[in-house]
Amino acid sequence: MEIRIGVQNVSREIAIDTDMSADAVTKAVDAAVAGGTLDLTDAKGRRVIVPGAALGYVDIGEETKRRVGFEA
């Protein structure tokens with residue numbers, strides 16, 4: 001699933017592709033807004049950590065299913 005994170009006072013957004021479920025991401029965002037940090041791991045094992053107070057928005061995309069075959 002693709003997640004886009006907007007950080008306050010930063011013109012570029014952070015985009016990551018993760019294997020986490022939408023519910024897990026939502027819980028992480030709620031905990032960050034309540035006074036912590038948003039700590040997410042992407043599909044390649046890299047971590048993204050953003051202070052909760054600096055979050056502008058978090059856009060959670062659809063969960064993607066694995067593709068089979070030759071798709072363009």
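Modeller: Arg4 and Asp59 form a salt bridge in this predicted model, with 2.4 Å between the closest N and O atoms. Arg4 belongs to strand β1, residues 2-7, and Asp59 to strand β5, residues 55-60, so the bridge ties together parts that lie 55 residues apart in sequence. Arg4 has a relative accessibility of 32% and so counts as partly exposed. Asp59 is also partly exposed, since its relative accessible area is 30%.

Arg4 has a further partner. Its side chain meets that of Glu13 in a salt bridge, at 3.4 Å from N to O. Glu13, at 34% relative accessibility, is partly exposed. Taken together, Arg4, Glu13 and Asp59 are linked in a network of salt bridges.

Which other pair can be described, and is each end buried or exposed? Asp42 and Arg46 form a salt bridge in which the closest N and O atoms are 3.0 Å apart. Here the two ends fall into separate classes. Asp42 is buried, as its relative accessible area is 12%, whereas Arg46 is exposed, with a value of 53%. The search of the whole structure finds four salt bridges, and those described here are among them.

Leu40 is in contact with Arg46, and its other contacts include Ile3, Ile5, Ile16, Met20 and Ala28. Arg47 and Val48 are on that list too, which leaves aside neighbours within four places in sequence.

Leu40 is itself a member of the largest nonpolar core, which has 14 residues. Leu40 is one of the seven that touch the most other members, along with Ile3, Ile5, Ile16, Leu38, Val50 and Leu55. At least two residues of this core come from each of β1, α1 (22-33), β3 (37-41) and β4 (47-51). The largest share is that of α1, with four residues.

Note on methods:
Residues are numbered from 1 along each chain as its sequence is written. This is a predicted model: local features need pLDDT of at least 70, side-chain atom pairs count only at pLDDT 80 or more; totals for chains, interfaces and linings use all residues. Side-chain values use heavy atoms; hydrogens and water are left out. Buried means under 20% relative accessible area, exposed over 50%, partly exposed in between (1.4 Å probe, protein chains only). A nonpolar core is a set of buried Ala, Val, Leu, Ile, Met, Phe, Trp, Tyr and Cys residues joined through side-chain atoms within 4.5 Å. Contact means heavy atoms within 4.5 Å.
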